[in-house]
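Welcome, and please take a moment to look over the structure shown here. The briefing below will walk you through some of its parts, topic by topic.

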Amino acid sequence: MADVYVNQEAQLAREFIANTDSCLFLTGRAGTGKTTFLRELVRHAPKQMAVLAPTGVAAINAGGVTIHSFFQLPFGPIVVPALEPRDPWMQVELPPSLSTRPFRRDKLQLIRRLELLVIDEISMVRADVMDAIDAVLRTVRRNQLPFGGVQLLMIGDMHQLPPVAKEGEWTLLRNYYASPYFFESQALRRADFIRIELRHVYRQRDAHFIELLDKVRINSRTPDLLSALNQRYQPGAEMLDEEGRIVLTTHNRQAQRINEARLNALPGESYTYTAKISGEFPESSFPTDQTLELKVGAQVMFIKNDPGILKRYYNGKIGIVDALDEEGISVRFAEEEETVEVELSEWENLRYEMNAESRAIAQESIGTFTQYPLRLAWAITIHKSQGLTFDRVTIEGAEAFASGQMYVALSRCRTLEGIMLSSPIGGNALVMDTAILQLARTLDQTPPNQQMLQEAERRYARRVLAQLFDFSEIAHTAQEAQHRTQALPLADPNEREATAKILEELIRLAKIYARFGVELADYPTTAHSVNELPALTERIGKACAYALAHLGEQASFVAPLCEITLQTRSAEEELSGPLIATYRAAYVKALELASCAARFDVQQYLLARGRALVEADRLRAPSIESSVDKGSESLKALAAWRHFTAEQTHTPAHTLLKQQTLVLLAATLPVTMDELLHVKGIGRAFASRYGNEIIDLCRQYKGEGYMDFEPRPLPERKSKRGKSKQPARGESQAETVNLLLQGLSLEDIAERRGLKLNTLVGHVVWGIANGSLDIGVVMPHERIVTIMKSYADAPDLTLNERYNALKGDYYYGELRWVREWMKREGKLTQEAEK
């Protein structure tokens, strides 16, 4: 295992990952240490990273999550549409073809923090999935570089198991791709990835056997090769009863048939062990059988390394059940005297999240699977054997159907002598897709070396330097804030003037540094380090100093943007987003510049940027609540009115008027019905009953000129087109349902109709209740199943209790939708209906 640290190819790969942003494809023959490399990378992560894999089992083994769950991709073929970047304060919206549901805020932050994306078992990933990943990253990160500027590390062997593309799927995808393999991705072609091949084989030691495997791998189907391999043919080998020998089959049904027959042939009582599952752990990710049936004498395989100090077993080690009862299992190994008392093992289903304190990318366990780390092992499929090592195998390859399948089977064994074939290998069984061979030949022409590494480091440093002086985000947010403050002027003229000056200065700075970026491009690019060019170093220092002089330390000159007084709810909704986005962008830029003012250093810049992004997330946006003193006379008077009215109407005070709404009333002091209705938390029913009393009270604290008061009726409610006619009951809900059935997301509908998401959630409930909307239109199947199970297991929970029981992973709206659907389908108990 330690050899990986002196492996030149592995060391080169580590340097590319740590010191460049180049996309890498780390490959190698079976047994060259790809899995070990990944484990070491995770243990000593040089960047903010996430590990993904194409299947649930592969993700569990890699210590990561599936591609589809991380990016919320739909299953089936994906045709990526043209996407435009969105404004930074607006919610990211992806078309239904790219996302099964809207991204949560913490997931958006996580993706934007991502620096390194690792995809294990890349040979099984289709090209359209790679392009979908690229589209999501570019959209969420608002970065039009391939994969949104995230460095990509792909690990796997093209010569092993290929991606699954069913005939119907490939009929669609062949219009866009020459083959389904990941390397046909349009995004990867733009990224111009580098291949590094690990060459030292750790699994096999016999040079002759390694040479035979190499020939199988590169599709060298010569008579000599077939002759050498077919010497291992023995009729009926699949039924040979030899301890420690495992049959590798092409199909699951074959392996299941062999295991069942062997187990039933054993004498004695069988024992059944049922796994304990908690939280979210989908069946597709189960590492072994949920119900494990064993007998004494059964051949089993460990599916996990021994976590103890003694390391008595490893993933793939084969043994025989020596004893078992309800309390436990003992396993012995061939040629070893000592037996192992097998202990229960736990597998975690992980997801990535933002750490609440450090704001770094971290893993969270959302479910566990507890079972004995064993499976019956007279036979397993070739697919499940990938990554494992055996001493004795029998290959049942007559039905080999996939490119690379036979190579995977042969390369599982340590020695040629340990292999038996149940049928002779024909030339067609060794077929390798020509697209793979062509790519390998192309990449072999430009193997990476130290010179390429240095060039990549230089390019990376130049890109980081350009990013340091890129003020485009500040310019964009400042221009939008400028536009909105002009359309909706601030109430305080001093604040209005100060805000205008700040925004104008930021836009001016952005123009200066846009020109400076052109100037930077004119400097020579031959130096290995930017700091080897004294003239450039001097210009960088002066440019940092000039910008900091105008931004202030930690963007202190921009901070007043978040200290202004917003008087109305509409002002808060319109101005808060762009103002805080401008301040955060300036704050991050100020800390980046400060880190490089004395000397430009890539790692120092990245650390500073990471800290700045964490701190910027905590900056508070301007709020209409900030403009009131909690001890003000107006607030006291309004609180007294609420207390008196609550007693008179026998209503709890907080039900009559929430404290937050009370504070907003004291802050804004509305003196007309229109102004009152713009206060967050005030509805037409409340205004109709109590509006005149509230307005009368507010006029007393507004100052002279507002004392004369005559009660006024509510203003006539108008539709978006200015018509006073309200829609008939159910008409608005029906329109929402119709738009959902046309493929629009709730976010699209909210924007189009000018409605809040909470309103649309109620429309969905209406549609599900009357049967006009299928719940599958708004929720993926797996989320429906999880919530249904929650209702079945704990029917008496309130909505809030159920939300907490599900750890906040499901929206209140989703809980309501499933409850309404179960009620309509007659699947809801009386306790749950309450």
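This is a predicted model: local features need pLDDT of at least 70, side-chain atom pairs count only at pLDDT 80 or more; totals for chains, interfaces and linings use all residues.

Residues are numbered from 1 along each chain as its sequence is written, and side-chain values use heavy atoms, with hydrogens and water left out.

**The chain as a whole**

- The protein chain has 32 helices and 20 strands; helices (H or I, at least four residues) and strands (E, at least two) are DSSP runs, numbered from the N terminus.
- Of its 834 residues, 50% count as buried, where buried means under 20% relative accessible area, exposed over 50%, and partly exposed in between (1.4 Å probe, protein chains only).
- The protein chain exposes about 40,100 Å², and carbon and sulfur atoms supply 50% of that area; accessible areas come from the Shrake-Rupley method with a 1.4 Å probe, and for residues only the protein chains shown count as cover.
- Among contacts between residues at least 6 apart in sequence, 73% join residues at least 24 apart, with contact meaning heavy atoms within 4.5 Å.

**The parallel sheet**

- An open sheet of 6 strands runs in the order β3-β2-β4-β5-β1-β6, with parallel pairing; two strands pair if DSSP finds at least two bridges between them.
- At the edges stand β3 (65–66) and β6 (194–198), and each has a single partner strand, so one side of each is left without a neighbour in the sheet.
- Strand β2 (residues 49–53) and strand β4 (residues 116–119) run parallel and are joined by 4 bridges, and Met49 stands opposite Leu116 in β4.
- Helix α1 (residues 8–19) lies across β1 (24–28), β4, β5 (151–155) and β6, running at about 150° to β6. Such angles run from 0 to 180 degrees between N-to-C directions, with axes being lines fitted to C-alpha atoms, for helices over the stretch in contact.

**The antiparallel sheet**

- Strands of a sheet pair through backbone hydrogen bonds, either parallel or antiparallel.
- A second open sheet, of 5 strands, has antiparallel pairing and the order β14-β13-β12-β11-β17.
- Its edge strands, β14 (339–342) and β17 (374–376), each pair on one side only, and the twist averages 45° from one strand to the next.
- Strand β11 (residues 299–302) is joined to β17 by 3 bridges and to strand β12 (residues 318–325) by 3 bridges, running antiparallel to β12.
- Val300 shows both pairings: Leu376 stands opposite this residue in β17, and Gly319 is its bridge partner in β12.
- β12 pairs with strand β13 (residues 328–332) in the antiparallel sense over 5 bridges, and the two form a hairpin with 2 residues between them.
- Within that pairing, Asp325 stands opposite Gly328 in β13.

**Asn259 and its surroundings**

- Asn259 sits in helix α11 (residues 252–265) and is buried, with a relative accessible area of 9%.
- Leaving aside neighbours within four places in sequence, Asn259 is in contact with Leu376, Ala377, Trp378 and Ala379.
- A polar atom of the Asn259 side chain lies 3.1 Å from the backbone nitrogen of Trp378.

**A largely enclosed helix**

- Helix α23 (residues 659–668) has 8 of its 10 residues buried, so it is largely enclosed by the rest of the structure.
- Its buried residues include Thr661, Leu662, Val663 and Leu664.
- The buried residues of α23 pack against α21 (633–649), α24 (673–677) and α25 (684–702).
- Just after α23, Leu669 takes a positive phi of about 45°.

- Cys544 counts as buried at 0% relative accessibility, and Cys596 counts as buried at 1%.

Definitions and conventions. A polar contact is a pair of N or O atoms within 3.5 Å; within protein, one must be able to donate a hydrogen and the other to accept it, and residues adjacent in sequence count only if both atoms are side-chain atoms.
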